Each structure stands twice: as C-alpha cells, then as structure tokens.
Amino acid sequence: MSDLESDTSSRRHSPSPYQKEQDPAIIEVFSEADQPVLTTKEIADELEHIGLKQTRRRLYDLVDEDILETRKPSRDRIWWLVAEVEEPLTVRYPLFRHVRNRFEILITVLGAGFGLVGAFAVMLFLGLDAHGMQPPLIARQDILVVGLYSIALGVSGMVGGIIATLILFIGQRYMADYLPDWPG
C-alpha cells in the first residue's frame, strides 16, 4: 500500500470532531427524505455549510462505519441507510427543528422557560413564608428575588421573541416585495 493510500485510509477512519457533528445532519436528511435511496447531490443540497466534496467524504466515512451503503449503478452514486440509527431529536420532534432554525422562537421558548422557573420560585417562597419555614443554606428572600428576576427575564424573552418575529416577518415581506431575487 502506498503512502498516499495509507494516509487516505487513516484520515477516513479518524474524522475530526467537526466532521462527526455532520453525521446527525446526514442521517436527518435520510430520515426526512421521501425515498430511502439518495444521490450525493441530493444529500449535499440538504446540508447547510457543507460542500459536495466534504459531504462525499462524510458519506464514505459512514460507509466505513457500516451505517450507510453505496453503489454506483450509473453516472450518479447512490446511498442508503443500512444500520438502525437513532434518529436525531429534530427528526422525531419536528418542533425542535423549527425552534432550532428560528431565532425568534428560540428567544420566546427560553423566555417561557425562565418565566416558569420564576413562577415556581415565587410559589416556593410563598409556601415557605406561609408555613414560617426557613430552607437550609438559602434565605427565603433570596428565593423571591431569584423568582422575580426569572419572571422579568421570561417576560423580556417572550416580548423580545414577539418583536423579533414581527421584525423578521415585516422584513421578509419588504424584501420579497422590493427585491424579486430575495429567497424569502
């Protein structure tokens, strides 16, 4: 085996951490596809920030890991899943993919989460105060302060998400109306 072949072989079996992050995205493409067999170009077209050459390299790595199988029956190489692979959460729960891809929804969801934490902290404070109890290692007033700050942060996040949604919606409408080549 030549030095070039051994270098290619060792590189194929030890992908960088960045390359390993691309595997779930590739598996997600197969999970969302209407057909079980895809061409290299079809896969690359669905991946963001990954070119055709890098996609091909990752596909061959997945073949080496017995996750994909490939064949070239004509001009285009085809790929399909052969292993039972756990689908990413974004495939099992499409709402997660939507939240991940939309910044304004992410802000709103985080705001709602902080609001719930704050509401829980305030209820805990009220319950402790009503029974005259003092929790160990923390003052009741500190629980109230954390709860109020969390609620304020939650409301800010939710309002920020709504404002971002409006700005993006109006911006996309404006761009689509006045710039015909705009993708929105």
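Which residues have the most contacts inside the largest nonpolar core? They are I26, F30, I43, L47, L59, L68 and W79, in a core of 14 residues. Helices α2 (17–32) and α4 (52–64) each supply at least two residues of this core, and the largest share, 4 residues, comes from α2. A nonpolar core is here a set of buried Ala, Val, Leu, Ile, Met, Phe, Trp, Tyr and Cys residues joined through side-chain atoms within 4.5 Å. Buried denotes under 20% relative accessible area, exposed over 50%, and partly exposed in between (1.4 Å probe, protein chains only).

This is a predicted model, in which local features need pLDDT of at least 70 and side-chain atom pairs count only at pLDDT 80 or more, while totals for chains, interfaces and linings use all residues. Residues are numbered from 1 along each chain as its sequence is written, and side-chain values use heavy atoms, with hydrogens and water left out.

The predictor's confidence in each residue, pLDDT, runs from 0 to 100. Its mean over the chain is 76, and 71% of the residues reach 70 or more. The table gives the elements with the lowest and the highest confidence in the chain.

| Element | Residues | Mean pLDDT |
|---|---|---|
| Helix α1 (lowest) | 3–13 | 43 |
| Strand β1 (highest) | 37–39 | 90 |

Over residues 1–13 the pLDDT is below 50, and this stretch has 5 contacts beyond near neighbours in sequence; a contact means heavy atoms within 4.5 Å. Where pLDDT is low, the predicted coordinates should not be read in detail.

Helices (H or I, at least four residues) and strands (E, at least two) are DSSP runs, numbered from the N terminus. Strand β2 (residues 68–71) is joined by 4 bridges to strand β3 (residues 78–81), and the two run antiparallel. They form a hairpin with 6 residues between them. The covered face of β2 holds L68 and T70, and the uncovered face holds E69 and R71. L68 stands opposite L81 in β3. Leaving aside neighbours within four places in sequence, L68 is in contact with residues including F30, L59 and W79.

R58 is found in helix α4 and is buried, with a relative accessible area of 0%. Its side chain makes a polar contact with the side chain of D61 (2.5 Å).

Helix α7 (residues 103–130) has 28 residues and reaches 41 Å from its first C-alpha to its last, close to the 40 Å expected at 1.5 Å a residue. Among its buried residues are E104, G111 and F125. Just after α7, G132 takes a positive phi of about 65 degrees.

Technical notes. Expected span 1.5 Å × (residues − 1). Polar contact = N/O pair within 3.5 Å; in protein donor to acceptor, adjacent residues only side chain to side chain. Pairing = 2+ DSSP bridges.
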